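Me: I am new to this structure. Please take one part of it and describe that part closely, together with the contacts around its neighbours.

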Amino acid sequence: MGTFYTNVLSKDARFGSVTRIGDPALLEPMTRQLVQRVVAAAQQMGIEVMIYETYRSQERQQELFNNGASKLRTVGVHHYGLACDIVRVVSGEPSWKGDFTFLGQLAQSSGLIWGGDWGAPNIKHSFIDSVHVQRCTVARQGDLFAGNWYPDDSYNPYTDTQHLFVAAIQQPAKPTARTGKSQANKRA
């Protein structure tokens, strides 16, 4: 028995596409349901949004990186049908402008991780993607990418004990009295 990634995505004709794909059918079914819930809730709030990008190939990610549109060279959770970008619609066109904290609130209430805080709002993040939502904790990504884990329908990233553990240990290091530099800076 395979996963949505092995049974659907890896066999789709668009698997190596360099163009943007906004097709909700390429979201894993539970992720699709949660994303559609977020879109409907935003519309109920009077905020017009659209699913901008769902599946993303490594080839597209490399192109985005080369063009300076992404800081990431390697594709992430989008590649597995577990993430999408949701943008505002302004005058019929996609827009990344404005405050997207509403998306964070809707994502969390639906069981999705928001790229504005990566499921850990009390931690300062160096990478913010305020239009991104995903159904996978940052801590689980390594297992996902290695093919060792894929979420089932009951998976909720906010009850994932591995997620909770990693969030707790990622607190910023305190400055040392001698140098004034944090322990994290010493390792860098």
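Reply: Two strands pair if DSSP finds at least two bridges between them; strands (E, at least two residues) and helices (H or I, at least four) are DSSP runs, numbered from the N terminus. The model is predicted, so local features need pLDDT of at least 70 and side-chain atom pairs count only at pLDDT 80 or more, while totals for chains, interfaces and linings use all residues. Residues are numbered from 1 along each chain as its sequence is written, and side-chain values use heavy atoms, without hydrogens and water.

Strand 2 has antiparallel pairings with several strands. With strand 1 (residues 49-53) there are 4 bridges, and I86 of strand 2 stands opposite I51. With strand 5 (residues 132-134) there are 3 bridges; here C84 faces V133. Strand 3 (residues 93-95) is also joined to strand 2 by 3 bridges, and S95 in strand 3 is the bridge partner of R88. The hairpin of strands 2 and 3 has 2 residues between the strands, and S91 takes a positive phi near 55 degrees in it.

The loop between helix 3 (58-66) and strand 2 holds Y80. Y80 is buried, at 11% relative accessible area. Y80 and F145 form a stacked aromatic pair, 5.7 Å centre to centre with 25 degrees between the planes (ring centres of Phe, Tyr or the six-membered ring of Trp within 6.5 Å; under 30 degrees stacked, over 60 edge-to-face, the rest tilted). F145 belongs to helix 5 (residues 141-146), 65 residues from Y80, and F145 is partly exposed at 36%.

The whole structure has 8 aromatic pairs. One of them joins Y5 and Y80, whose ring centres are 4.7 Å apart; their planes meet at 35 degrees, so this pair is tilted. Y5 lies in helix 1 (residues 4-7), 75 residues from Y80, and counts as buried at 19% relative accessibility. Ring pairs link Y5, F15, Y55, Y80 and F145 into a cluster.

How values were computed. Buried means under 20% relative accessible area, exposed over 50%, partly exposed in between (1.4 Å probe, protein chains only).
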